[in-house]
Amino acid sequence: MNPEILFFFEVLLGGLLAGVMYSLVALGFVLIYKASSVFNFAQGAMVFFAVLSFVGFMELGLPFFLALLVTVGLMVLVGMATERFVLRPLVNQHEDTLLMATIGLAFVLEGLAQLVWGVEVRRLDLGIPDVPIMWIADATGIFVSALDLVAGLVAAVMVAVLAIVFSRTKVGLGLRAVADGHGAAMSIGIPLSQVWVFVWATAGIVALVAGMLWGARAGVQFALVGLALKALPVLIIGGFTSVPGVIVAGLIVGASEKLAEVYIGPYFGGGIEGWAPYMLAVLFLMFRPEGLFGERIIRRV
Amino acid sequence: MRRLIQRAASAVLVTAALAASPIAPGIAQAQEQYMAVPSSRVGPYSAMGTGYYGGIIDYMTYVNKTGGVNGVQLTWAECETEYNAARTVECYQRLLSGPNGQKMVVFDTLGTPGAYAVINRMAEDEVVLAQFGYGRTDAADGRVWPWVFNAAGHYWSQIAVKMNFMAQVEGGVENMRGKKIVHLHIDSAYGREPLPAMRQIAEDWGVTLVEISIPPPGLEQKSQWLQIRRERPDWVTFWGAGSGMNATGMTEAARVGFPRDRMMYVTFGGAEEDMVPAGDAAVGTYVVANVVPGKDFPLVQQIEEVVYGAGEGNLANPERVGTVYWNRGVAAAVMWIEALKNAQAIHGKAGQPVTGPEFRDGYEALDMTAEKLAELGMSGMIAPFKLSCEKHDGSGRFKIMQWNGEAFDIISDDFVAAPDESFIRGLVEASAEKFAADNGLSVRDCP
C-alpha cells in the first residue's frame, strides 16, 4: 500500500483509539447528567481521586483485586456522601446551583486525594503491554498495542451494560424520571436519594476504570484532572444524555483531532489538537445543539 | 491502615495550619534574615515543587542548625503558587515583606512562566530573581538584567550541550551532516525557548530540524509520535512540562517503536518522578543534569544526618533525599547562602542581615571554584562557575545521565560543555541588547 495512505489510516486508527479513551471519561458525565441534569465539574477530580486511592491501597499492601474492590467500595461511599451532604440539601434548587456545588466538590476531592495519599507521581502497571503487537504490525504496517485493544474492549462493554441498564431496567426508568424533575419523580414514589447514590457511585466506578487506563500510560498524578477538558467536546457532539452517543462522539473527536493535527496543524504552527475538537463542537452547537443523540428539549414559554 | 490514619491526621493538621495563615512562618529569632519560598506543592507540577522547595528548606534548616550564616538565623515564609503565573505574582506580593518586617532579597519561581510574570519588577523592588536552570535566557546578560541570574545554566547552553553529545555518539560534528532531529515540545514559550540556539546550530551543522508541538497537558501524544515515526529522525529532544506529559512521551515512543536511547529529555522532564510512571518504556532515555542527583555527596549526607536525623526534614517521604529535584533545590539554596556570606563580607555586615541591593552584590560575586565546592561537600554535584557584572549565568555545563529502570546512570565522566560556548554567549548578548533597545533600557557598563 502507498505509504501516505497507510499513514493516513494509522493516524485515523490512532485517533479512534484515543477517542475510546475520551469516551470513557465522558461516560461519567453522561450518567450524572441523565439523573440530575447537572454537568458534573468534579468528574475529572473523581478520576484522579479514584485511581490515586486504588494505587494508594496497593501501596498499603493490598493485592490488586482486593485494592480494586476496596476502591469500588470507596467510590460508592463517595457517592453516598455526595448525595447526603451536597445534593440532598439542594433538592429542587436551580441546575446552576447544583453545577456550582460540583465545582466545590471537585476542589474537595482534589485536595483530599493529595492530602491523604501525597503528591508523588505513581506508576500503575496493569500487566498489559503497551508496545506494538508485532504480528499486527508485520501484517498491516500499523502499530497497535494490547493496552489500546483492552481499552477499546472495556469501553465497549461498559457502554453496552450502561445502555441496557438505562433502557431496559426500572432503575434506568427511575433515572430518566428524576432527570425530568426532582419533585415530580418524588411525587410518584421514586426514591430520589437511592437513584442519586446509584448514579454517583456508578460514575465513580467509571471514573476508576478511566483513571486506571489513563494512569497506566501517563502515571497516576494530578494531571489526570485535566481529562475533563477532553470529555467536553465529546459531550457536546454526542449529546449530554446519550450513552451510545458518547462512544460515537468520542470516536469522531479522537479521529478528527488527530487528522487535524497531522494534516492541518503544520499550517498553524502545530499543537492544534487542543482546540480543534472545540471548533468541531461549536459547529455542532450551531447546527445541532442537542448533539448527535441528545434529546431535543422543547420548552413552552 | 495505620499509615492511612497517620496521613489523614497530618493532613488535617496541615489544613488547620494553612487555614490559620496563608503564609506559614518559619523560625523567628533576634539576628535573622528573611527568605521567601514561593512553593508549588499541589497541582500537576507538585512532584517537582515538593522536591525542589523541600531541598531549599532542608538546606536552610541545615544552615540554621549548624550556626546560621555567620550567626544570622534564616527565617522564611511559604506561599503556594500551584506553578501558576498569576498565583506567582500574588505570592510575590504577599512574600515581599516577611512576618518580621524584613523585605525579601531573593525570589525563585522554579518555572519560566512565573519568572516572566515578575521579571520586570525586580529592579524596582530591589529583589534578586534567582532563576536556577530555567527562565528568560538572555537575562544571563547582567548588563541588561542586573537583578536576574541563572546560576544553573540556561536552555540555550543546555540544547547546545545535547547536540554536542549527539555529535559525540555519532562520531563527531562532521557526521551530523544530513541527520534529522525532532524537537518535540510543549506548545508554550518554555517549549520554544531553546529554538534560537538550536536552529542556528542545526543550520551550521547541516542538520534537519523538525519542530513538533504538544498542547498541554499532553497526556495524549499519538499524533505527534506518528509524525515522528513518519519523519524517521535520528534523535528527539523532548521539552515537556509536568510528569504526565513527560511520562507519556516515553510510553508513546514505545508504542511507535522509537528507541529511547535516541531521546534526550530536558532538565525539567528528567527526574525520577518523570521516569518511574513510564515503567520499562523509560529505560534508556537520556537526560542532562545541571545538578547531579545522588547521595554520594558529603553535603547530602550531612543534611540527612543533621536535619532528617532530628526529624525536621521537609520531605514527607525521606527516601526522596538525593533525587533530581531535591538535589537541585539544595544547590539553589547553597547559592542563596553563599551570596548572603558574600554580601555580608562585601558590605562589612558579618553577623547581620543584608538588604536586597547588598544581596545582589553578593550573588554577583559568586565564585564557585572546585575548592569551594569541595569545602561545601558538593564536589561533582555542579560544575564550577564564576559570575560577574556581565556574566549572570552558571557554567552552562551539564552531565549526561541515562535511566536504567530504577535510577540514573551518570554516563559522562565530566560535565559536558557546548561545542562553542562563545557562540552561545554571543546569542545571549545579541538578544539582551535587542531587548534593551526595543524597550529603551540602559545597558550597564561593566568593568
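This is a predicted model: local features need pLDDT of at least 70, side-chain atom pairs count only at pLDDT 80 or more; totals for chains, interfaces and linings use all residues.
Reader: Why is B:Y83 called buried?
Author: A residue is buried if 20 or more other C-beta atoms lie within 10 Å of its own, exposed if 12 or fewer, and partly exposed in between; C-beta atoms are placed from the backbone. B:Y83 has 25 other C-beta atoms within 10 Å, so it is buried.

Reader: Why is B:N70 called partly exposed?
Author: B:N70 has 14 other C-beta atoms within 10 Å, so it is partly exposed.

Reader: What makes the phi of B:N70 and of B:Y83 stand out?
Author: Most residues other than glycine have a negative phi. B:N70 has a positive phi of about 50 degrees and is not a glycine. Phi of B:Y83 is near 60 degrees, again positive in a residue other than glycine.

Reader: Where do B:N70 and B:Y83 lie?
Author: Helices (H or I, at least four residues) and strands (E, at least two) are DSSP runs, numbered from the N terminus. B:N70 is in the loop between α2 (46-65) and β3 (73-78) of chain B. B:Y83 is in the loop between β3 and α3 (85-95) of chain B.

Reader: Which peptide bond is cis, and where is B:P217?
Author: The bond from B:P216 to B:P217 is cis, with omega near 10 degrees. B:P217 sits in the loop between β8 (208-214) and α9 (222-231) of chain B.

Reader: Why is α9(B) called largely enclosed?
Author: Of its 10 residues, 7 are buried, so α9(B) is largely enclosed by the rest of the structure. Among them are B:W225 and B:L226. Just after α9(B), B:R232 takes a positive phi of about 50 degrees.

Reader: How do you know that β5 and β6 of chain B pair?
Author: Two strands pair if DSSP finds at least two bridges between them. Here 3 bridges join β5(B) (residues 128-131) to β6(B), and the two run parallel. In one of them, B:L129 has B:V148 as its bridge partner.

Reader: What makes β4 and β6 of chain B edge strands?
Author: The open sheet of 3 strands has the order β4-β5-β6 (chain B). β4 (106-107) and β6 (148-150) each have a single partner strand, so one side of each is left without a neighbour in the sheet.

Definitions and conventions: Residues are numbered from 1 along each chain as its sequence is written. Chains are lettered from A and ligands numbered from 1 in the order in which they are written.
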